[in-house]
Amino acid sequence: MWHSGSGKPVSLEEILKCIYSHTRNNGSVYLGCDSQLYRERCTFSTVICLHGADDQNGGYYFFRRERENSSSYPTMLTRLLKEVELSVELGYQILEQNPEADIEIHIDANSKKDQPTGKFAEMLMGYAKGAGFRCKIKPDAWASNSIADKHSK
């Protein structure tokens, strides 16, 4: 189940209609995902952020949470790959309904190689770019680093 930024339940169909209207008004779509491990479960939070439409002040977003068994994600890399996979799959769902959508994926990996996620950044960006999407990593990945992070906890 998807929710608006204020927590109101909303269907993916309703979100896709918002995206259609938003992109017709020159707006961009930003997708991101973050995850948190809690003992026996892993929570993935995926977000759709709409920003930059003509006459739009600020932006708005939608999120969903999925919980899985943490044993399915024994390493940081397996979690990061799942995060990018969820964003890419969502991007394809959006493009199916709205082929003209301007989509950018935000990946929760650091540009600094000495950081824990830094050594995976190029590979994860390659995944998203290979799937046909523009992408950004920290510190520019605000959809995953800020918004999805907020809802993964």
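1. The largest cavity has a volume of about 30 Å³. A search of the whole structure turns up one cavity of 30 Å³ or more. Here a cavity is a set of points, on a 1 Å grid over the protein atoms alone, where a 1.4 Å probe fits but cannot get out. Grid points are joined across faces, edges and corners, and the volume is the space filled by probe spheres set on the points.

2. Basis of the note. This is a predicted model, in which local features need pLDDT of at least 70, side-chain atom pairs count only at pLDDT 80 or more, and totals for chains, interfaces and linings use all residues. Residues are numbered from 1 along each chain as its sequence is written, and side-chain values use heavy atoms, with hydrogens and water left out.

3. Cavity lining. Lining residues have an atom within 4 Å of a point. They are Cys33, Glu83, Val84, Ser87, Ile105, His106, Ile107 and Asp108. Strand β6 gives the most, with four residues. Both α2 and β6 supply at least two. Helices (H or I, at least four residues) and strands (E, at least two) are DSSP runs, numbered from the N terminus.

4. Helix α2. The helix covers residues 76-97 and has 22 residues. From first C-alpha to last it reaches 33 Å, close to the 32 Å expected at 1.5 Å a residue. That expected span is 1.5 Å times one less than the number of residues. The buried residues of α2 are Arg79, Leu80, Lys82, Glu83, Val84, Leu86, Ser87, Val88, Leu90, Gly91 and Ile94. Buried means under 20% relative accessible area, exposed over 50%, partly exposed in between (1.4 Å probe, protein chains only).

5. Ile19. Contact means heavy atoms within 4.5 Å. Leaving aside neighbours within four places in sequence, Ile19 is in contact with Val29, Ile48, Leu50, Ile94 and Asn98.

6. Ser144. This residue sits in helix α4 (residues 142-152). Ser144 is buried, at a relative accessible area of 0%. Its side chain reaches the backbone oxygen of His106 at 3.4 Å. A polar atom of that side chain also lies 3.4 Å from the backbone nitrogen of Asp108. Beyond four places in sequence, the contacts of Ser144 are Gly32, Cys33, Asp34, His106, Ile107, Asp108 and Asp149. His106 and Asp108 are also among the cavity-lining residues.

7. Leu77. This α2 residue is partly exposed, with a relative accessible area of 23%. Leaving aside neighbours within four places in sequence, Leu77 is in contact with Phe120 and Met123. Leu77 and Cys33 are 44 residues apart in sequence and 14 Å apart in space, C-alpha to C-alpha.

8. Ser70. The residue lies in the loop between β5 (59-69) and α2. Ser70 is buried, with a relative accessible area of 14%. A polar atom of its side chain lies 2.8 Å from the backbone oxygen of Arg39.

Key
Polar contact = N/O pair within 3.5 Å; in protein donor to acceptor, adjacent residues only side chain to side chain. 1 Å grid on protein atoms, 1.4 Å probe; cavity = no way out; pocket = protein on both sides within 12 Å on 5 of 7 lines; lining within 4 Å.
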